Amino acid sequence: VIALSKLDSIKQNKNWQQGRSKQYHTELTDVIREYIERTFEIPCMEMTSEEIISQLNHLRFESKTAYTCLQQILKLADLVKFAKWEAAPDEHELSLYNAYLFVNETKIEEQKNTEELNEQNESDK
């Protein structure tokens, strides 16, 4: 929920449309990195993109879509941030779309089981 909310904020700010593509990709990858830390418990804020992809290699088999999205996001961000790559507008849009897709494909739904709900209902009485 936090990651999706932050992605919504990035979408509204439209930094890449205002000539701030480096800032846009930095914010986007920071959201993804924070999400990965919380979801997969991998301390990736100081990791390189290749190290993150390597740590999440299991996704290639569990969710190829999520893995491919992550690769695209991180590789384009590296090009924009470090190689001063001028990404096309559709590439910026694709990164944002893939960020949403990555989060939605890998999020862990927290569900209370029936027993916990029953206990909660009993304590509410």
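Select Tyr 35 and Phe 102: each of the two is buried, a term that denotes a relative accessible area under 20%, with exposed set at over 50% and partly exposed in between (1.4 Å probe, protein chains only). The model is a predicted one, in which local features need pLDDT of at least 70 and side-chain atom pairs count only at pLDDT 80 or more, while totals for chains, interfaces and linings use all residues. Residues are numbered from 1 along each chain as its sequence is written, and side-chain values use heavy atoms, with hydrogens and water left out.

**The aromatic pair**

Keep both rings displayed. The structure holds one aromatic pair; rings of Phe, Tyr and Trp (its six-membered ring) pair if their centres lie within 6.5 Å, and planes count as stacked under 30 degrees, edge-to-face over 60 and tilted for the rest. The centres of the Tyr 35 and Phe 102 rings are 5.9 Å apart and their planes stand at 80 degrees, so this pair is edge-to-face. Because Tyr 35 belongs to helix H2 and Phe 102 to helix H6, the pair ties together parts that are 67 residues apart in sequence. Helices (H or I, at least four residues) and strands (E, at least two) are DSSP runs, numbered from the N terminus.

**H2 against H6**

H2 and H6 pack at an angle of about 10 degrees, their axes 11 Å apart; axes are lines fitted to C-alpha atoms, for helices over the stretch in contact, and angles run from 0 to 180 degrees between N-to-C directions. H2 is therefore roughly parallel to H6, given that angles under 35 degrees count as roughly parallel, over 145 as roughly antiparallel, 65 to 115 as roughly perpendicular and the rest as oblique. Contact residues include Leu 28, Ile 32 and Ile 36 of H2, and Leu 96, Ala 99 and Val 103 of H6, where contact means heavy atoms within 4.5 Å. By class, this contact has 10 nonpolar, six polar and no charged residues. Here Ala, Val, Leu, Ile, Met, Phe, Trp, Tyr, Cys and Pro count as nonpolar, Asp, Glu, Lys and Arg as charged, and the others, Gly among them, as polar.

**H1 against H6**

The contact of H1 with H6 has eight nonpolar, one polar and two charged residues.

**The nonpolar core**

Select Leu 7, Leu 28, Ile 36, Ile 52, Leu 56, Leu 70 and Phe 102, which have the most contacts inside the largest nonpolar core, a set of 27 residues. Such a core comprises buried Ala, Val, Leu, Ile, Met, Phe, Trp, Tyr and Cys residues joined through side-chain atoms within 4.5 Å. H1, H2 (21-40), H3 (49-55), H5 (64-82) and H6 each give two or more residues to this core. Centre the view on Leu 56, which touches Ile 36, Phe 40, Ile 42, Tyr 67, Leu 70 and Phe 102, residues up to four places away in sequence not being counted.

**Two loop residues**

Select Glu 41, located in the loop between H2 and H3; its phi is near 55 degrees, a positive value in a residue other than glycine. Glu 41 is exposed, with a relative accessible area of 70%. Then move to Lys 84 in the loop between H5 and H6, where phi is near 55 degrees, again positive in a residue other than glycine. Lys 84 is exposed, with a relative accessible area of 69%.
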